[in-house]
Amino acid sequence: MTVVIFAVVALAVLGLLVLVHRWLWIRLVRDTTRPGGAWRRAGTVLAFALPALAVAALTAGRAGAPFWLQRAVSWPGFMWLAVLLYLTLAMLVAEPARALLLRRSPRQPPEPTLPAAPAPDAPAEAAPAAIRSAAPGPAPQSPAGLGSAAAAVPAGAEGSPAASRGAAPGPAPQSPAGLGSAAAAVPAGAGLDGAAPAASAGSGGAAPAVPGFDGAASAGLPGLGARSDAVAGAGAEPQVREGAGRGTAPQAPTDTPVGGDAEAGEPARRGTAEAAAPAPAHDSAVAAGAAGVTPAAGGGPGAGDGMSRRRFVARVVGGAAVAAAAGTVGYGTYGVLRGPRVKRVTVPLAKLPRAAHGFRIAVVSDVHLGPILGRAHTARIVDTVNRTQPDLIAIVGDLVDGNVHDLGPAAEPLRGLRARHGSYFVTGNHEYFSGAQQWIDHVRELGLTPLENARRPLPLFDLAGVNDVQGESEGHGPDFEAALGDRDRSRAAVLLAHQPIVIHDAVRHGVDLQLSGHTHGGQLWPGNYLAELANPTVAGLERYGDTQLYVSRGAGAWGPPVRVGAPSDITVVELASYQA
């Protein structure tokens, strides 16, 4: 049953890691790079290579891989795990900002205003009044300015105004200023079947009957003030869009291609642009309407700008997240590699005699010598401990992550530890992963005294040590009766035990102070919240009944050589007597 639960948990964790890596690839690679580009290919390769290195770093030691291979995969693999944690947190924090920035799209520019030119032979107020009029009657003459609109229909084309002028007497129609751009969209030779644009009254002449327009529509352009997208085909009313100022522009038919005939339409558009200078966005909208295409929000250029803006936002957000994660991991790595700092704690004990007041115990835990932290790290720890001039040194487990053959040279500086009452060692859970007995024998060779469920009476108090609970799998778990069962309880007792969870056994056996490690203080924030779920105390000094528990954050790091929110330390516990 235990194997099944472990397999299910492992698969769940693996699935979560796959989803996280895919999400990060989407946000940091796909959204920020061009398809097929070198950066996208490189990011995709890293998205597969980095998690593979992380798995190799986690499994190489237990799989019995050569030590050189363990060192090769451990640095990039473990460092990626730390970067992955803070990169994921940074991207989660940045996700609302990213969504907000993408929602605030640029505003659509207002429809341009086209200035109206008054007719030379009519009052200025006549044109708008006639345009607003939808009453049936004789076809009115168009005001000045419609010439540019008519110019868009080339002479000689079927249904053109030129042919109409040959059949209908009267002066040539005048076009209202500002309507040229709309009419210019009508290409040469376009079949404007059965529809004729209505002219504005007030010019004094008859409007030409333009073949190709609906005759019913020429009697006053019903719906002239309403907006529409395109002129319908044969037999339908022409729909018009309101122009700026006092003129209106008929829309091009839906079957007319955008831009029309370049040779026929370009002069009219150019002439109108010189006369009224309409905004390019307006011309684009008219042209799009002529083609029966609904323009995207923001106009033609807006579509391209939207993609560029999306990529820009993705790069800014992703870059900020990467910088935050890299800075956090970099600072945490520096804190580990520079060596632990000294922390001093005073612990009063009721049974401690006056002569033991000020007794100093240097507590070292969780050094984790291995493929990353080696001999240089051990030497820094030894130098730091010796500078404190302790009376006793206690190494409370998880000294190594590997076997003596690979890590014996890294542990060699421990020979230099100096304390008046000696140096003592108890096993942690990691010693049992590589073979605890070989390390018990080796540390004895280095001058340390292993306490395997044993007690050492000192002149002023009793010092005891128990094996780690991980040893139960080998039949060498903690045995409190062997270590504390027959002692004199009138004397103060200090217990070395790797994991804080045995505190309740210590309370039952009358221990005054338990010194532990194991938690690393969480090592990587917010890991301290997870550590709280599995340990009674994560770091620091706490009291349980008559027993006090002190938990060190450790002098090294497991996995990534990174600590965030839980700096490494060597704690000097100074015992205090109530009698002093």
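These questions and answers go through a predicted model, from its confidence to its cores, salt bridges and surface.

Residues are numbered from 1 along each chain as its sequence is written. In this predicted model local features need pLDDT of at least 70, side-chain atom pairs count only at pLDDT 80 or more, and totals for chains, interfaces and linings use all residues, while side-chain values use heavy atoms, with hydrogens and water left out.

Biologist: Over which residues is the pLDDT below 50?

Modeller: pLDDT is the predictor's confidence in each residue, from 0 to 100. The protein averages 76, and 65% of the residues score at least 70. The stretch where pLDDT is below 50 covers residues 122-306.

Biologist: How many residues does the largest nonpolar core have?

Modeller: A nonpolar core is a set of buried Ala, Val, Leu, Ile, Met, Phe, Trp, Tyr and Cys residues joined through side-chain atoms within 4.5 Å; buried means under 20% relative accessible area, exposed over 50%, partly exposed in between (1.4 Å probe, protein chains only). Among the residues with the most contacts inside the largest core are I361, F461 and L575. F461 touches both I361 and L575 (contact: heavy atoms within 4.5 Å). The size of this largest core is 25 residues.

Biologist: Is D462 buried or exposed?

Modeller: D462, in strand β9, is linked to R487, in the loop between α15 and β10. Their side chains meet in a salt bridge at 3.8 Å, N to O. Because its relative accessible area is 4%, D462 is buried.

Biologist: In which helix do D505 and R508 both lie?

Modeller: D505 forms a salt bridge with R508, the closest N and O atoms being 2.3 Å apart. At 24% relative accessibility D505 counts as partly exposed, and at 53% R508 counts as exposed. The two are 3 residues apart, about one turn of the helix, and both lie in α16.

Biologist: Is H509 buried or exposed?

Modeller: H509 lies in the loop between α16 and β11. Residues that H509 touches include F480 and R487. Because its relative accessibility is 11%, H509 counts as buried.

Definitions and conventions:
Helices (H or I, at least four residues) and strands (E, at least two) are DSSP runs, numbered from the N terminus. A salt bridge is a side-chain nitrogen of Lys or Arg within 4 Å of a carboxyl oxygen of Asp or Glu. Lists of a residue's contacts leave out its neighbours within four places in sequence.
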